[in-house]
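Please go through the structure below from its overall fold to its aromatic side chains.

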Amino acid sequence: MNILLHEPEIPYNTGNIGRTCVASGTALHLIKPLGFFIDEKSVKRAGLDYWDQLELYLYEDFDDFISKNPNATIYMATTKAKKTYAEVEYEKDSFIMFGKESAGIPEDILVRFKDTSIRIPMEPNIRSLNLSNAVAIVLYESLRQQNFAHMQLEGQLRNYKW
């Protein structure tokens with residue numbers, strides 16, 4: 001899978017998302033402008049010591065992303081969608097795109113992806129979830145649908161046996 005962030009603004013969110021991507025074997029794609037420097041300490045701190053293991057791609061704008069990924073299936077995560085994230089079947093190697101924290105995905109982009117726009121159900125008086133939480137929710141549903149391929153499915157206690 002691939003996570004695509006459109007103009008992320010908060011370094012801690014991007015760092016947390018980077019760590020989630022490393023833990024799940026997912027690539028992270030960032031569309032500029034970014035609200036921080038990619039080598040900023042806070043991004044790396046939020047990703048802890050995993051940032052150097054992240055498969056990371058940068059794009060100048062959405063058109064640059066499309067030109068470099070012309071056949072990409074893109075699911076647009078937005079509070080404006082008609083379908084929930086659990087109602088779609090995610091294709092392997094597809095992209096799940098999230099917008100910047102303050103404004104989401106621009107509507108001129110969303111309107112082109114009506115059939116693949118998805119939302120996380122929430123109470124009506126809540127504007128949105130934290131970006132890194134939203135990414136984790138949708139990403140892990142897509143991975144669940146793929147039976148968590150290539151992921152460790154069992155853990156062990158350190159001092160005892162199950």
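Helices are DSSP runs of H or I with at least four residues, and strands are runs of E with at least two. Counted in this way, the chain has 5 helices and 7 strands. Their order from the N terminus is β-α-β-α-β-α-β-β-β-α-β-α. The model is a predicted one.

The overall dimensions come next. The C-alpha trace spans about 55 × 35 × 35 Å along its principal axes. Of the contacts between residues at least 6 apart in sequence, 74% join residues at least 24 apart.

As for burial and surface, 43% of the 162 residues count as buried. The chain exposes about 9,900 Å², and carbon and sulfur atoms supply 49% of that area. Its charged side chains comprise 18 positive and 22 negative ones, with the centres of the two sets 5 Å apart.

The aromatic side chains remain. The distance of the ring centres and the angle of the planes describe an aromatic pair. Across the whole structure, a search finds 6 such pairs. In one of them, Tyr140 and Phe148, the ring centres lie 6.4 Å apart and the planes meet at 40°, so the pair is tilted; planes under 30 degrees apart would count as stacked and those over 60 as edge-to-face. Tyr140 has 30% relative accessibility and therefore counts as partly exposed. Phe148, at 27%, is partly exposed as well. Elsewhere, ring pairs join Tyr59, Phe62, Phe65, Phe95 and Phe113 into a cluster.

Note on methods
Residues numbered from 1 in each chain as written. Predicted model: local features only at pLDDT ≥ 70, side-chain atom pairs only at ≥ 80, totals over all residues. Heavy atoms only, no water. Phe/Tyr/Trp six-rings, centres within 6.5 Å; stacked < 30°, edge-to-face > 60°. Buried < 20%, exposed > 50% of the residue type's maximum accessible area, 1.4 Å probe, protein only. Contact = heavy atoms within 4.5 Å. Areas by Shrake-Rupley, 256 points an atom, 1.4 Å probe, with all protein chains shown as cover. Lys, Arg positive; Asp, Glu negative; His and termini not counted. Charge placed at Lys NZ, Arg CZ, Asp CG, Glu CD.
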